[in-house]
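Dear colleague,

I am handing over the structure we talked about, with its sequence, and below it you will find my notes on what turned up. Please read them with the model open beside you.

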Amino acid sequence: MANPLSPIAMAATHAAAFTQSRPWTAAEFTALLDSHLTFVVGDAQCFAMVRVVVDEAELLTIATHPDHQRQGLARAVMTAWRDIAAQRGAETAFLEVAADNTPACDLYKTCDFTICGNRPGYYRRQNGPAVDAILMRQALSAHK
């Protein structure tokens with residue numbers, strides 16, 4: 001599932017998927033990809049960007065184009081990035097998600113992530129109050 005994906009394609013998918021908050025730009029994806037610590041799995045339909053530092057993996061973003069949601073793509077990408085992160089030496093995976101992003105929260109729970117923290121008012125919304133970030137973690141040994 002690890003396909004070369006251009007920052008322009010990632011930005012387009014991200015913009016289609018993230019309508020309540022500011023999507024990432026191609027320049028932001030390019031900057032993150034300049035690091036050997038960062039990798040991407042997936043394709044223009046659904047991808048995840050992850051950073052592994054020492055023994056920790058962080059899901060930086062995951063995006064599924066609305067035309068391809070509810071087809072199991074995000075679950076497959078979740079499995080793929082955790083496998084790669086473990087191969088790179090990560091023992092624990094972390095992510096954060098907006099508290100109002102119910103589909104993502106449900107995905108992460110079904111992928112056995114557990115809540116480990118909260119950042120009040122972390123995500124700004126264009127047409128409403130800021131939303132908490134829920135922090136989640138998973139031991140990658142539990143993923144196998």
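**Aromatic rings**

W24, F29 and F47 are joined into a cluster by ring pairs, where rings of Phe, Tyr and Trp (its six-membered ring) pair if their centres lie within 6.5 Å, and planes under 30 degrees apart count as stacked, over 60 as edge-to-face and the rest as tilted. Please bear in mind that this is a predicted model, in which local features need pLDDT of at least 70 and side-chain atom pairs count only at pLDDT 80 or more, while totals for chains, interfaces and linings use all residues. Residues are numbered from 1 along each chain as its sequence is written, and side-chain values use heavy atoms, with hydrogens and water left out.

Across the whole structure, the search finds five aromatic pairs. One of them is W24 with F29, which counts as tilted because the ring centres are 5.3 Å apart and the planes stand at 45°. Another is the edge-to-face pair of Y122 and Y123, with 5.1 Å from centre to centre and 90° between the planes. The charged end of R119 also sits over the ring of Y122, 5.4 Å from its centre (NZ of Lys or CZ of Arg within 6 Å of the ring centre and within 35 degrees of the ring normal).

As for burial (buried is under 20% relative accessible area, exposed over 50%, partly exposed in between, with a 1.4 Å probe and protein chains only), F29 is buried at 0%, whereas W24 is partly exposed at 23%, as is Y122 at 42%.

**T38**

T38 lies in strand β1, residues 38–42 (strands are DSSP runs of E, at least two residues, and helices of H or I, at least four, numbered from the N terminus). With a relative accessibility of 8%, T38 counts as buried, and its side chain reaches the backbone oxygen of L32 at 3.2 Å. Setting aside neighbours within four places in sequence, the contacts of T38 (heavy atoms within 4.5 Å) are L32, M49, V50, R51, L60 and R88.

**Where to look next**

Which residues of T38's contact list would you like to examine together with L32? I would begin with M49, V50, R51, L60 and R88, which are in contact with T38 as well.

Best wishes

Definitions and conventions. Polar contact = N/O pair within 3.5 Å; in protein donor to acceptor, adjacent residues only side chain to side chain.
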